[in-house]
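Here is a friendly walk through a two-chain model, taking one chain's fold and then the contact between the partners. Have the viewer open as you read.

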Amino acid sequence: MHPQLEILLQIQDLKTQRRELAETERERQVEELEFHVNVEEAVQELDHKIAEMEAQLTPAIRNRYARIASGRGRAVVPVIQGICYGCFVSIPTALATDSARNDQIRHCDHCGRFLYVIG
Amino acid sequence: MELREFFHKDAIELELKSNDKDDLLKELIGLLKLDEKSEGILFKMLKRRENLGSTGIGRGIAIPHCRSLVVNRLRVAFARKSEGVDFKAIDDQPVHHFFLIVAPPLEVSNQYLPVLGKIAQFAKDPEVPKRLAVLRNRDEFLDLLEQKGV
Ligand SMILES: [Zn+2]
């Protein structure tokens, strides 16, 4: 896996976690009631971690990532069975099945998001 | 929705080997049979979730959970460490029983929170820890879920 893609994946996972805690009522309730998480502190902690990971992106990737994230929300999306899960358009077979598929940074031709291919 | 439908038999382990929290998380992740890179990313995510507050909810049970791009559908696992491990649980007691739940960021059927909720409910049943402690095989685990109506 391309090292920058690995960072992008982690950033996206952290952002998912942040969004669920900060914006999804049921998720927040479960974390507070069942697991005694201090949601405010947790969101701050996640913001800190996200910033730390974003600083590890190369300038070119960081710029592109910031542009997509501000316009379209999720900047990194999975490709499952040949479908981009950002825009739900099918992507070229070669990209979807190539065994070295995650060794390069690739984008969806249709929505421009970073792609992570899952088997 | 019944919990037992979500547990693949290969993802049930009654004798974990690990003796500390990190190793145990890794062993637990190993039950999902992902590739090495995905396992590494998942480990980091679960660790970060633990840093926000332990998922050890007391009475010897922990429910590590997160969403991650490395899985393409909801995945769950159950594992037991008879001797118990220090998991920084809410009640400071060692943890013996582990439920792992990992879901993709977007799920068509939105099962993550309901499954997490059901497992938490199951874990609160006062009889459950002692029943988990005496399980002899994987089928008995699945039967217990069914008996408890979760
Ligand atoms: Zn797309």
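What does the secondary structure of chain B come to? Five helices and six strands, where helices (H or I, at least four residues) and strands (E, at least two) are DSSP runs numbered from the N terminus.

Before going on, a word on the ground rules. This is a predicted model, in which local features need pLDDT of at least 70 and side-chain atom pairs count only at pLDDT 80 or more, while totals for chains, interfaces and linings use all residues. Residues are numbered from 1 along each chain as its sequence is written, chains are lettered from A in the order in which they are written, and side-chain values use heavy atoms, leaving out hydrogens and water.

**The fold of chain B**

Along the sequence, chain B runs β-α-α-β-β-β-β-β-α-α-α. Its radius of gyration, taken over C-alpha atoms, is 14 Å, close to the 15 Å that the globule rule gives for 150 residues, so chain B is as compact as a globular protein of that length. That rule is 2.2 Å times the number of residues to the power 0.38. The table collects some overall values.

| Property of chain B | Value |
|---|---|
| Box filled by the C-alpha atoms, along the principal axes | roughly 35 × 35 × 25 Å |

**Where the chains meet**

The contact draws 34 residues from chain A and 28 residues from chain B. Together the chains bury about 2800 Å², 64% of it on carbon and sulfur atoms; buried area is the accessible area (1.4 Å probe) lost on putting two parts together, summed over both. Asp13(A), Glu34(A) and Phe35(A) supply 24% of the area that chain A buries against chain B, more than any other three residues.

Five salt bridges link chain A and chain B, each a side-chain nitrogen of Lys or Arg within 4 Å of a carboxyl oxygen of Asp or Glu. One of them pairs Arg67(B) with Glu20(A), with the closest N and O atoms 3.0 Å apart.

On the chain A side, α1 (3-23), α2 (25-33), α3 (39-54), β1 (76-80) and β3 (114-118) each supply at least two residues. The largest share, eleven residues, comes from α1(A).

Helix α1 of chain A also holds Gln10(A). Is Gln10(A) buried or exposed? At 3% relative accessibility, Gln10(A) counts as buried. Not counting residues up to four places away in sequence, Gln10(A) touches Met53(A), Ile41(B), Lys44(B) and Arg48(B).

Methods:
Contact = heavy atoms within 4.5 Å. Buried < 20%, exposed > 50% of the residue type's maximum accessible area, 1.4 Å probe, protein only.
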